[in-house]
Amino acid sequence: MVADINKGLMSISRLSARAAWPKGLMAATFGALLTALVAPAPALDSPRAAAKADSQPLTMFKDPRAALRAGLESYHAGDSATSVAALRYAAEGGEPLAQWKLGRMYAEGDGVVRDDAKAYDYFSQIVDHYADDEPDPRERSMAASAFVAVGLYLRDGVPAAKIKPDLDRAFDIFRYAATYFGAADAQYNLARMYLEGAGVKKNVRQGVSWLELAARKGHPQAQAMLGRMMFTGEASGEPDRARGLMYLTLARDAASGAARDQWIVDLYAKALNSASEVDRRTAGAMLEGYLRERN
């Protein structure tokens, strides 16, 4: 595990070489705005408004930081055209939060026409920036999410956006974000690559180790996968049905309820149905102790 982490910390030097991205953007410390960035705008879903936002020319602002503030204010006021113009100005001026917000907007089609190529480009600028510079503590979550977004684009590829799969680079990016930022999403995706042998030689032990790190941070997908592997014995060669059921219970309780999380509910139900009464009681006691330790 230590050797793997050390390799992860060293691998970032290869990211810039492979990606050939520019360097030297100035970091901004607007961590207090992160909550505002995540919240949806009241009315940015009109196709006409989205098209207008994409075609809006850049407006001149006092400086990129002022443009960032104006862009966020317009976003929450539902003025997508003005918001995108301001955020583009801030992003071109090197404001990472503006780059991140635009990446999210283009990835989700939020106030703009969905464009994975543009989302990938904005997220990639953040990856390049934080490959060299230490982020402010309040910016770490934003930076980590950008690394994970780029890793997912590279892992899966998006033909329509002309983004080709690159498992080696995806692995490097996930590993860096998992070790340097300690990001649960990155740890989960890194674990999957080890377990599937994608971009790296298959290694169940390493995969389980990364799953455990993400699961302890409350990552429901990691909890579900780890719980299933413990329950069946895939994690260590010997079933640990009670502990596996405990993690599956945690995952089921944290699942969003959306269709994409139905597999978590199904795994929990399958394990519960095959568990003995002793397994269930032991899992319940473990769950109580687990929750007590975190409160």
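## Helices, cores and ring pairs in a predicted model

Met 229 lies in helix 12 (residues 220-232) of what is a predicted model. With a relative accessible area of 4%, Met 229 is buried. When residues up to four places away in sequence are not counted, Met 229 touches Leu 195, Val 204, Val 208, Leu 211, Glu 234 and Ala 235. Met 229 and Gly 244 stand 15 residues apart in sequence, and in space their C-alpha atoms are 7.2 Å apart.

### Overall make-up

The protein has 15 helices and 0 strands, and 50% of its 295 residues count as buried. Among contacts between residues at least 6 apart in sequence, 63% join residues that are at least 24 apart.

### Helix 11

Helix 11 (residues 204-216) contains 13 residues and reaches 18 Å from its first C-alpha to its last, which is close to the 18 Å expected at 1.5 Å a residue. At the start of this helix, a side-chain oxygen of Asn 203 comes to within 3.2 Å of the backbone nitrogen of Arg 205, while the helix is followed by Gly 218, whose phi is positive, near 85 degrees. The buried residues of helix 11 include Gln 206, Gly 207, Val 208, Ser 209, Trp 210, Leu 211, Ala 214 and Ala 215; of these, Val 208 and Leu 211 are also among the residues that Met 229 touches.

In soluble globular proteins, nonpolar side chains tend to be buried together. The largest nonpolar core here holds 70 residues, of which Leu 102, Phe 123, Phe 147, Tyr 153, Phe 181, Leu 211 and Tyr 247 touch the most other members. Helix 8 (residues 140-156) supplies the largest share of this core, with 10 residues. A second, separate core has 12 residues, among them Ala 224, Leu 248, Ala 251 and Ile 264.

What does Phe 123 contact, leaving aside its neighbours within four places in sequence? Phe 123 is in contact with Trp 100, Gly 103, Arg 104, Ala 107, Ala 146, Ala 149, Val 150 and Tyr 153.

### Aromatic rings

The count of aromatic pairs comes to 10, and two of these pairs are set out below.

| Pair | Arrangement | Centre to centre | Angle between planes |
|---|---|---|---|
| Tyr 106 and Tyr 122 | stacked | 6.2 Å | 10 degrees |
| Tyr 247 and Tyr 290 | edge-to-face | 6.1 Å | 75 degrees |

Tyr 106 belongs to helix 6 (residues 96-108) and Tyr 122 to helix 7 (residues 116-130), so this pair ties together parts that are 16 residues apart in sequence. Tyr 106 and Tyr 122 are buried.

Why does Tyr 247 count as buried? Tyr 247 counts as buried because its relative accessibility is 7%, under the 20% cut-off. Tyr 290 is likewise buried, with a relative accessible area of 10%.

Ring pairs also link Phe 147, Tyr 176, Tyr 180 and Phe 181 into a cluster; Phe 147 and Phe 181 are among the residues that touch the most other members of the largest core. Arg 140 lies over the face of Tyr 180, at 5.4 Å from the ring centre, and Arg 252 lies over the face of Tyr 268, at 4.2 Å from the ring centre.

Note on methods. Residues numbered from 1 in each chain as written. Predicted model: local features only at pLDDT ≥ 70, side-chain atom pairs only at ≥ 80, totals over all residues. Heavy atoms only, no water. Core = buried A, V, L, I, M, F, W, Y, C linked by side-chain atoms within 4.5 Å. Buried < 20%, exposed > 50% of the residue type's maximum accessible area, 1.4 Å probe, protein only. Helix = DSSP H or I, 4+ residues; strand = E, 2+ residues; numbered from the N terminus. Contact = heavy atoms within 4.5 Å. Phe/Tyr/Trp six-rings, centres within 6.5 Å; stacked < 30°, edge-to-face > 60°. Lys NZ or Arg CZ within 6 Å of the ring centre and 35° of its normal. Expected span 1.5 Å × (residues − 1). Polar contact = N/O pair within 3.5 Å; in protein donor to acceptor, adjacent residues only side chain to side chain.
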